[in-house]
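Here is a short report on one helix and a set of paired strands. The structure comes first, then the details.

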Amino acid sequence: MPDMTATVESLPILLVPEPILKARSRSVGAADVERVRGLVPRMFATMYRAPGIGLAAPQVGVGLRFAVVDLMPDDKPAPIVLINPEVIARSDEQATREEGCLSLPGQYADVTRPARVTVRYTDAEGARRQIDAEGLLAACIQHEIDHLDGILFVDHLSALKRNMILRRLAKELRQKRAEAM
Ligand code: NI
């Protein structure tokens with residue numbers, strides 16, 4: 001975990017079936033900026049400790065359009081804050097990779113998405129930015145933007161696969177809670 005978040009308190013990560021995970025978040029406006037600034041370090045701390053490579057605001061109970069991402073290339077932090085992100089171009093070429101989600105702990109499945117995307121967003125300093133992403137970064141950013149629209153990676157699967165994963169998760173969480181009592 002990078003030192004910059006060592007003293008920052010984590011936030012509880014909401015799990016499926018929390019309703020906010022299925023809701024569309026609203027855009028971050030000028031009045032939200034202070035709140036977002038306060039949440040971003042805590043979201044990074046939560047994500048690094050989980051550990052994960054992306055965390056969207058609804059996963060910590062905040063219905064605003066922003067997410068944090070860090071693929072830790074070469075094990076070094078490379079934090080990205082995506083505020084009001086928008087996919088403005090996507091490749092016809094698709095790519096399939098295994099995805100998981102901190103809101104569906106222990107569950108993984110192959111998800112097919114556009115291989116490359118161009119994303120426009122505002123960064124933590126308020127600057128408008130554009131990024132061309134491919135590979136894992138493209139999948140991760142699309143996964144996080146999906147969260148802002150109430151879409152989970154399992155929503156990209158067949159109903160059969162999705163229900164199998166959701167049933168397995170519910171069962172595992174029930175068992176965990178029973179063990180904790
Ligand atoms: Ni996720």
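## Terms and model

Two strands pair if DSSP finds at least two bridges between them. Helices (H or I, at least four residues) and strands (E, at least two) are DSSP runs, numbered from the N terminus.

This is a predicted model: local features need pLDDT of at least 70, side-chain atom pairs count only at pLDDT 80 or more, and totals for chains, interfaces and linings use all residues. Residues are numbered from 1 along each chain as its sequence is written, and side-chain values use heavy atoms, without hydrogens and water.

## The hairpin of S6 and S7

S6 (residues 116-122) and S7 (residues 128-134) are antiparallel, paired over seven bridges. Valine 119 faces isoleucine 131 in S7. Five residues lie between the two strands of this hairpin, and there glycine 126 has a positive phi near 90°.

## S6 and its other partner

S6 also runs antiparallel to S3, joined by five bridges. Here threonine 118 of S6 stands opposite alanine 89.

## Helix H1

H1 covers residues 33-49.

H1 has a kink of about 30° at leucine 39, shortly before proline 41. That bend is the angle between axes fitted to the seven residues ending there and the seven starting there.

Among the buried residues of H1 are Val36, Leu39, Met43, Phe44 and Tyr48. The buried residues pack against S1 (54-56), S2 (66-69) and S3 (80-90), where contact means heavy atoms within 4.5 Å.

Notes. The expected span of a helix is 1.5 Å times one less than its number of residues. Buried means under 20% relative accessible area, exposed over 50%, partly exposed in between (1.4 Å probe, protein chains only).
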